[in-house]
Amino acid sequence: MSKALWVAAALAAASPAGGQSVQYRSPAGVEYRAQRDTGPIARAESALAADPRSVERIIQLGVAQSGARQFREAIQTFTRGLGVAPNDPMLYRWRGHRYLSVREFDRAMDDLTRGSRLDSTNYGIWYHLGIVRFARGDFAGAADAFARGLPRAPDAAERAGATDWLWMSLSRAGRAAEAQALLDRRPDSVPAANAYAQRLRLYRGQIGPDDVITAADTGDVAVATLSYGIGNWYLVRGDTTRARSWFERSIRSGGWPAFGFIVSEIELRRLR
């Protein structure tokens, strides 16, 4: 394909009609759609058109598309990037993440596993590989991935996230003593202001389940994330009734890209 045709194809894929393409259709038949571009995608498209073989700019476009929940378009962008740089681990990291967003777990697993072989030090690869393994019920494998990623977390927010998911993975794998030892070790000691830090306070007994979601938590992704954490906490304690109620609340939030929403769907199927 010529350079001009490649750019035209990339830009066409990046701009679905109306910017609201169907991204995911739930087992119940609910359609979840992309959002319209408010500027970042157009700017990233322009930058890529000026340098169409730049992996950095390809990733920037895919990330911009992801910000508008245009995950399938982002997958196309990262796939084109792999045509330019077939052994770039970051392209596998990002495409695997976006396959996860649209619930294509096998493809996500393939990309993230390959990425981990290309770069065993990449935090994002291990983190998202942990999410996929957790979603598939491989809690021991998820714990291994999060344990590998945690020391490489780039900031306090990511460290809280990796600690949270590692605690959940260990707990679901039946390794309660290790899960408690993790909390006691406090790898998340640097303060973070995100949903995972709030969930960790629940696990440590600093707040109760009814205090996890506050009046400030109004975003759909935040509510989905917090609700799943509460539901999993109840599930670990053997209370499937309350767990199911919180998983349902996660789904009602509408925050469908959240990992908590994704896994809540799976948990509800497991609890049938």
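Predicted model: local features only at pLDDT ≥ 70, side-chain atom pairs only at ≥ 80, totals over all residues.
**Exercise 1.** Is Asp 111 buried or exposed, and which residue forms a salt bridge with Asp 111?

Solution. 
1. The relative accessible area of Asp 111 is 5%.
2. The cut-off for buried is under 20%, so Asp 111 is buried.
3. Its salt-bridge partner is Arg 95, with 2.6 Å between the closest N and O atoms.
4. Arg 95 belongs to helix α5 and Asp 111 to helix α6, so the bridge ties together parts 16 residues apart in sequence.
5. Arg 95 has 14% relative accessibility and therefore also counts as buried.

**Exercise 2.** Which parts of the chain does the salt bridge between Glu 104 and Arg 72 link?

Solution. 
1. The side chains of Glu 104 and Arg 72 meet at 2.8 Å, N to O.
2. Glu 104 sits in the loop between α5 and α6, and Arg 72 in helix α4 (residues 71-84), 32 residues apart.
3. Arg 72 is partly exposed, at 29% relative accessibility.
4. Glu 104 also forms a salt bridge with Arg 107, at 3.0 Å, N to O.
5. Arg 107 is partly exposed, with a relative accessible area of 48%.

**Exercise 3.** How are helices α3 and α5 oriented to each other, roughly parallel or roughly antiparallel?

Solution. 
1. The packing angle of α3 (residues 55-67) and α5 (residues 89-101) is about 15°, and their axes are 11 Å apart.
2. Angles under 35 degrees count as roughly parallel, so α3 and α5 are roughly parallel.
3. The contact includes Ile 58 and Val 63 of α3, and Leu 91 and Trp 94 of α5.
4. By type, the contact residues are seven nonpolar, one polar and one charged.

Technical notes. Residues numbered from 1 in each chain as written. Heavy atoms only, no water. Axes fitted to C-alpha atoms, helices over the stretch in contact; angles between N-to-C directions. Helix = DSSP H or I, 4+ residues; strand = E, 2+ residues; numbered from the N terminus. Parallel < 35°, antiparallel > 145°, perpendicular 65-115°, else oblique. Contact = heavy atoms within 4.5 Å. Nonpolar A, V, L, I, M, F, W, Y, C, P; charged D, E, K, R; others polar. Salt bridge = Lys/Arg side-chain N within 4 Å of Asp/Glu carboxyl O. Buried < 20%, exposed > 50% of the residue type's maximum accessible area, 1.4 Å probe, protein only.
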